[in-house]
Every structure is written in C-alpha cells, then in structure tokens.
Amino acid sequence: MSNNSAVVQGEDHYLNHSRGLMSWLGTLDHKRIGLMYLFSVLLFFLMGGVFALLIRLELFKWGGHNLVDANTYNKFFTYHGAIMVFLVVIPAIPAALGNFILPIMLGAKDVAFPRLNLASYYIFMTGALFAVLALFLRGADTGWTFYTPYSIRTNTTVLLVLFGAFIAGFSSILTGLNFIVTIHKLRAPGLTWMRLPLFCWALYATSIIQVLATPVLAITLVLLCMERILQIGIFDPKLGGDPILFQHFFWFYSHPAVYIMILPAMGIISEIIPVFSRKPIFGYKAIAYSSFGIALIAFIVWGHHMFVSGQSELANFVFSLLTMFVAVPTGVKVFSWVGTMYRGSIHFNAPMLYAFGFLELFTMGGLTGVFLATLAIDVHLTNTYFVVAHFHYVMVGGTLMGLLAGLHYWFPKMFGRMYSETAAKIGFWLIVIGFNVTFFPQFILGAQGMPRRYWSYLPEFTFLNRISTLGSGLIGVGFIYTAYYFYRGMRSGAKADANPWNAQTLEWKTSSPPPHENFHETPVVTQWPYEYLPEDTSMPANLR
Amino acid sequence: MIQQAFAGSVPLQGTEVAVRWDSLYNFLVGLSIFFFVLVVGSILYFIVSYKHDSKKKTQYITGSHLLEAVWIAVPTLLLMVIFVWGYSVYHAMTQAPSDAYEIRVIGKQWLWTFQYDNGRTTVGEVFVPVNRPVKLVMTSEDVLHGFFIPTFRIKQDVVPGMYSSIWFTATVPGKHQAYCTEYCGTSHSAMLAKVVVLEDHQWKAWNQNKEIGPIPEAGQPLPSKTQVAGTLGKKPLIQNISLVEQGRQVYQSKGCVACHSTDGTNKVGPTHKGLFGTQVELANGKFVLADENYIRNHIEYPQANTVKGYNPVMPTFKGLLTESEMNALIAYMKSLK
C-alpha cells in the first residue's frame, strides 16, 4: 500500500494519520477501506484482463489449436467472465470510489457502520480467495453463467467458484445496506434530498438493487451447490428438475446486477459533466428519478436473456415489451448529459474525456441493446458475438469509462497530487481506440452468425477476429500505460489544491487528501451542488 | 460506410422470415445511426462551439420540461413500433403451419442426430425439402444445446427432458451452416451441422433412399457436371422401418398395450386413439394440450399427470426409453387418429 509514497508532507491527513501495515488492515476509515477495495479490484482487473488477452490470442487464427486446447480455452473465458463480473465490475465503483467519496460528499465523518464496512471488505476478499483458489485446482469451465445441467455434470472445481461468488455477494449486500443508512442518516446540515449530488442518488438506487437482488443469487448458488453435492433434483432433468428454472433464478439477480454495474458509473458522469462544462446539470430531478426508474424496471426484465431458452411465447412477449422501457430513462440521462454541455464552457481534462468516451461507447451499447430487446432480432443475434460486443460496450464502455473518469476526477482528492494531463490524454486515446477496434468487429461477426464461447471458428470469420485481437493489444497497452502514469502521479505528481476543478460538491470543500475525519468542522450546505454561475468558468488546475 | 459494414454483413436470406428479419434489422441499424449521430454529433458540436474561453460566460440553464417530454415521448413511441414489429416477425418465426414436415432432432455432446418419418437417421446433416414448411422437434440427451441456422435467422435452445421446436420454409437449395449456440463443454465449437436443402427431385430421390449426389453450399455455384454424373449412380435401396412402425414396436415391447388401447376402448388407462392434439382434463382439474411435451411428461411422471376418472396406477418409464425410442413412440401415438 502506498502509505508513505503519496504523502504530501507537513499536515495531518488520512494517509499519514497512522502508519504501518496494521493501520491499514484494521482500519475503520472509509477512505482507507475504499483504497484497499480499489487496489484489490485493480489486481483482479489485471487477472481478468490477462485472460481476455489469452482469449483473443487463441482466436487470432481460425480452427483452434493456436495457443491452448479447447478445455483450457473454456476455462479462460469462464475465469475472464467470472472475475470481471463478480470481482471487478460489480464492486469497482460502489465499493472503491463509493466508499471513498460518498461519506465526504454527504459531509459525514464515515459511513454509518464502519466496522461492518471493514467486515464487507474481508468478506469480499474471502469470496475472491475461494474463486481464485479454484484456478489452481481443476478450474471451472461453465462460463460465468453456470447454466445447468452442464454446471452439475462438469468435473471441474465449479463448487469453489460458486462458493466464492456466494460469499462475495454478502459483501455487496452489506455495503448496500451501509450506504442506504449512511445516505438517510448522515447527511450534513442543510443537505436536503433535492440538494443531494447525483452520484449519491445513483449509489442509493444501486444499493437498493444490491440489497434486494443479491440474496436471490445467494439462494440460487446454494441450490446449485446442493444439487451438485446431494443430487436433489431441482435443476437436473435426469432427477426430475428443470434446467430452465436455473436460468430464471440466475437472471433474476444477474439482470439487476447489470444496473449495479452501470448506475454508479452514470452517477460519476452526472458529477463530471457539469463541473467541466461549468454549468448546472440539465434536468437534475429527471436524472435522479431515472436512476430509480431503471432500478425498478431492472427487476422485471430478466426473461429477455431467455427468448430462445424454451420459455413460453407469452413470457417472451411480456419481457420484450417491458425491456423496451429500460431505454426510456436511459435515454433521458444521455440527453440530459448532452444538454448540460449546451452553452457551457467546456474544459478537456481527462475526467471529461472519459465522460465523452462513456457517452460514445454507452450510446452504442444502449442502441444495440434495443436490437436485443426486439424479439425477432434477438432470436438471430443471441448467443453470438453480437451479444458479446453489446455487453462489452455497456460494461466496459459504461462502467469502466465511468470508473476511469471517476479515478481521474478524484485522484487529486485521494492522493493529494495531480496525474499528468498529457499522459492521461495518450492513455485515453489508446484505450478508446483500442476498445472500438476490439469490439466493433464483434457486432458484425455476431450478425454474420459466429456463436460465442467458440474455441475454434470457421475460416470466413478470420479477418474480423484478427482486427479484434489487434485491438485488444492496444487496450492492454493503454491500461498498462495508465497504471504507470497513475503510479507516477501518486509518487511525484504536482501537489493538488483542495479544489483543483473548482467543483461544488462537499468533497472539494476539504483539503486534499482529506483529514482522518474528513472535515475539520462539519460543513453546512446552503445550495444545490450544481450552482455554476455564468462567470464562474475557470478551473484552478488549468490556470497554472 | 458504417451502414454497409453493419447491414451488408448478415448472411444470405434462406427463408421468407429472413427477408422480414433483414428489413427490421436494417430499420434498427438506420435508427441507431440516427441517434448515434444525434448524440455524438451534438457533443462534437458543443465541444467546438463551447470550448472554454475565459472571456465568454455560460448560460444558467437547469432544464426544460418541454425537451424532457419530447425525449421521453419520441423514444417511447419508436420503441413501441419496434416492439410490435419485432413481435410480429417473431410470431411468424414460431407458429409452424400444421402441415409442416416434421423431423426429430437429438442433441448430444457433441453431435446432432436427425430422425425422419421414413425411419432414416442422419448425423451432422439434416435433409429438408425446399419451399415446404419443415418443423424440427428437438431434445437433448445430456446438457443444453442450441440449434442455430444463420441463413434462416432462427435459433432455439435444445433442452434435455423436454421438446422445443423451430420451423422454417427454406427457399435457397444447398447446404446451410448450423451451429450449437448454447455452451455445452469441450467440443461446443465443433458441434456443427449442415442443413441440406434439397430440390424437389432430390428430395424425392432421398426419400427413396437413392443417392442424390454432391450438394453445393447454399449460394455457391453447383459442382461441375462431371462430378455430379460421377456420384449420381443408383445405390441399392436401404430397407428402413418407418418411424411410426418403430414406435408401434416400442409401444408393444414396453407394455403400453397392457393398459391402453389404440382402438378407442378405455381399459385400465384411457385409449390413445385420437389423443394427440386434444385437451386432456387431469385429475387435479387442469386442462393440458396433449402435445409432445405432455406425452413425454406423462410417460416420465405419470403420477403428476393422472387423467381425470382414472386411478393413479401407472408406473414411471423414466430412464427406460432412449431419446430415439421416445421420438418413435410419440410419432406412433400421433398417428393414432
């Protein structure tokens, strides 16, 4: 941990408040817990990313046998998916950035239950440990979806992965609970609901999903474990079970989970765009309420993953219709963000660049989502690379762009130093171009009929697969470079002011990095956080 | 350019449904390009117009209810059009005509087996007539599989323990690629099949168990004449027992005849004459359609499906019939009109 590297000497703050390894491992400070989450998640991101590159390398040539055999390949995409979903994309923003920023944004000293917060971290790491342990045994080859009856029959160590995901789920539930109570109870004087920053609204909506949906995943995974060990006959048709029932249970969690992944990223974008446009957010209430609209609809659309599963035509009709309505609040948000830039004074710092990246990629992800919500269109496209491309545009283009935007935005607050703006621009273009080169061809591959989870493919798909593999190398370089300049920034970046972006949410009212208890005296809120007046167009970070 | 890369990228149109599918797909591609350009174009325009300039002020705007109403109403309306259009094409995809030629499909790690009315069984290739509705009634022996024919734009999961179906009227003769699309383990990506669409004379020959010669890939030129002549020689007729006859033998050998009749008289259990396709009232008061899934379900779980007016005495036959025997048995019961 960077407890003596990123320190601005002289004053007392959360990084130098206490020293030594134990002061981190046993800390109740939400900021330190947030950083521990952040570095853990980044480590898992590296692991998941390596598997992604291995997948792309295997697919560089048609016909299989390029790098690994089919069984190993099947494990690669399972690890890639399971690690990225359960250990990276779900916890990345709420647990890492949310933990760090939410209490400060509310003007609180910490989350409502600091001990529970630390417990959540260790529960998460225990779950991760089980899942990663499986890699060193016989692995898992079910795909991250664990579809039955294959997941019952396979002789890989899928039980450990299931157990790991089960445990990690409790971390998610407890963090959600902690955030809900924190937002209700620990807001600073004057911070009314209608003055709440949109990132807090987004985390609130996310927390509700975490608390309500994750238990269903836990139940499902326990049932699947029991089915494997005790052979009860819930999902296995040989024993009288119903394999499609598993899909219903699984997606009842995993569809809302998609919004656990994307809503916090939307919250970050809602913070960044007004700051770097120097303008009030457009349609504050619409953005806040649309988070809840999305959270609500999230629970009643799971069947759109199952249009060709064998569920009834009536079910397909209803799920397709309901799914269409997801696009409405999502559109409201996108249009409101674009509207915020109108007649603003736009600064092009890295957080804003990543917000642009988010808007481009997420719009693509959202529009191709409409394809998949349309019944007939989904029949042809589902289980092909079109779906792979779509959810990467949403998950990477949405969540990861949001995370990177947030990391750059709050970097000065977290470490008291600035990252290099020039380096960040290079990193941004590497990642965004690399991403489009990797995943756009996959839309075409899918439309042409190339199925997903294929170790070998037919020769006609070679060209686009090659482009995709080359793109993935570009993303890899981009991320390594980003890690490098962040590290440089932490060690030797220019000292950051308390408020380098001239932003108005509460975390910028305290020093960078913040003191142990966040504020020297409790702040009092007198206005909403987007009060950017017409002449208030400059930004200290860009004046030096 | 994007339009071409995107819309021109779908496989050839092998069915009527594929034509309808492509229209809707192209509409969605066009609409997506419009909205993408709207969003990204606006961003680019704002970036250029409102780039930070310390001499210029911003305008204090917090929202517009009118704009919000527009960007809620317009997308909602468009989405409803897309939904209805999508459903109508889907409906055409799923409602098989009653006169469709039925072929039974069994998925198994990692090959496809096809059973025909005339008793023939093929592996890895399914032979179907051109311009005639064909229905595939599918099940799996082990795990989930998916049957996907890109040129027909149809796909359906194949689930162990139940029957699912797809249908199509192929319009382009030749071989069409089919894939397994539900991950099924080691050789998932090798679980391929060809749908061989035969012209009328070839279909006739095939049904008489005659050799039909090489078939080109769909949309590709025919093989040269010499090749065709070389392989069209008459092979001796293979004697097949029809699927219905195979089913009759299963019906006898598994002892169904002990309690059920095929002539309309009710014995310990109800007669099977005219059963298929009717509504059956169960002892628990429910009405169910006597289709493939009901018959299979009844054979495997008789106690849960006791017919009203009868005693729950039938033993389970779960695990006692192979998937092909089950297919034959159902074909036989279907023939008892």
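How many cavities of 30 Å³ or more does the structure hold? The structure holds six of them. This is a predicted model, in which local features need pLDDT of at least 70, side-chain atom pairs count only at pLDDT 80 or more, and totals for chains, interfaces and linings use all residues. Residues are numbered from 1 along each chain as its sequence is written, chains are lettered from A and ligands numbered from 1 in the order in which they are written, and side-chain values use heavy atoms, with hydrogens and water left out.

**Cavities in chain A**

- Rolling a probe the size of a water molecule over the atoms shows where empty space is left.
- A cavity is a set of points, on a 1 Å grid over the protein atoms alone, where a 1.4 Å probe fits but cannot get out, and its lining residues have an atom within 4 Å of a point.
- The largest cavity holds about 150 Å³ of space; a volume is the space filled by probe spheres set on the grid points, which are joined across faces, edges and corners.
- Its lining has 17 residues, and those closest to the centre are A:Phe86, A:Ile90, A:Ala168, A:Gly169 and A:Ser172.
- Helix H3 (70-106), helix H6 (158-185) and helix H7 (198-230) of chain A each give two or more residues to this lining, and H6(A) gives the largest share, six residues.
- Helices (H or I, at least four residues) and strands (E, at least two) are DSSP runs, numbered from the N terminus.
- By class, the lining of the largest cavity has 11 nonpolar, six polar and no charged residues; here Ala, Val, Leu, Ile, Met, Phe, Trp, Tyr, Cys and Pro count as nonpolar, Asp, Glu, Lys and Arg as charged, and the others, Gly among them, as polar.
- The second largest cavity has a volume of about 120 Å³, and its lining residues include A:Thr78, A:Phe86, A:Leu135 and A:Val161.
- H3, helix H4 (114-136) and H6 of chain A each supply at least two residues of that lining, with H3(A) giving the most, six residues.
- The lining of the second largest cavity has 10 nonpolar, two polar and no charged residues.

**Where chain A meets chain B**

- 94 residues of chain A are in contact (heavy atoms within 4.5 Å) with 84 residues of chain B.
- The two chains bury about 7,600 Å² between them, 71% of it on carbon and sulfur atoms; buried area is the accessible area (1.4 Å probe) that two parts lose on being put together, summed over both.
- A:Glu313, A:Phe335 and A:His380 supply 9% of the area that chain A buries against chain B, more than any other three residues.
- Across this interface the rule finds zero salt bridges, but there are 34 residue pairs in polar contact (both at pLDDT 80 or more).
- A polar contact is a pair of N or O atoms within 3.5 Å; within protein, one must be able to donate a hydrogen and the other to accept it, and residues adjacent in sequence count only if both atoms are side-chain atoms.
- The side of chain A that touches chain B has 54 nonpolar, 28 polar and 12 charged residues.

**Salt bridges**

- Over all chains there are 15 salt bridges, each a side-chain nitrogen of Lys or Arg within 4 Å of a carboxyl oxygen of Asp or Glu.
- B:Lys175 forms one with B:Glu125, with the closest N and O atoms 3.4 Å apart.
- This pair links distant parts of the chain, 50 residues apart: B:Lys175 is in strand S9 (residues 174-180) and B:Glu125 in strand S4 (residues 125-129) of chain B.

**Backbone details to look for**

- Most residues other than glycine have a negative phi, and most peptide bonds are trans.
- The peptide bond from A:Thr148 to A:Pro149 is cis, with omega near -5 degrees, and A:Pro149 lies in the loop between H4 and helix H5 (150-153) of chain A.
- The peptide bond from B:Gln109 to B:Trp110 is also cis, with B:Trp110 in the loop between strand S1 (101-108) and strand S2 (111-115) of chain B.
- A:Asn518, a residue other than glycine, has a positive phi near 75 degrees and sits in the segment after helix H16 (462-492) of chain A.

Technical notes
1 Å grid on protein atoms, 1.4 Å probe; cavity = no way out; pocket = protein on both sides within 12 Å on 5 of 7 lines; lining within 4 Å.
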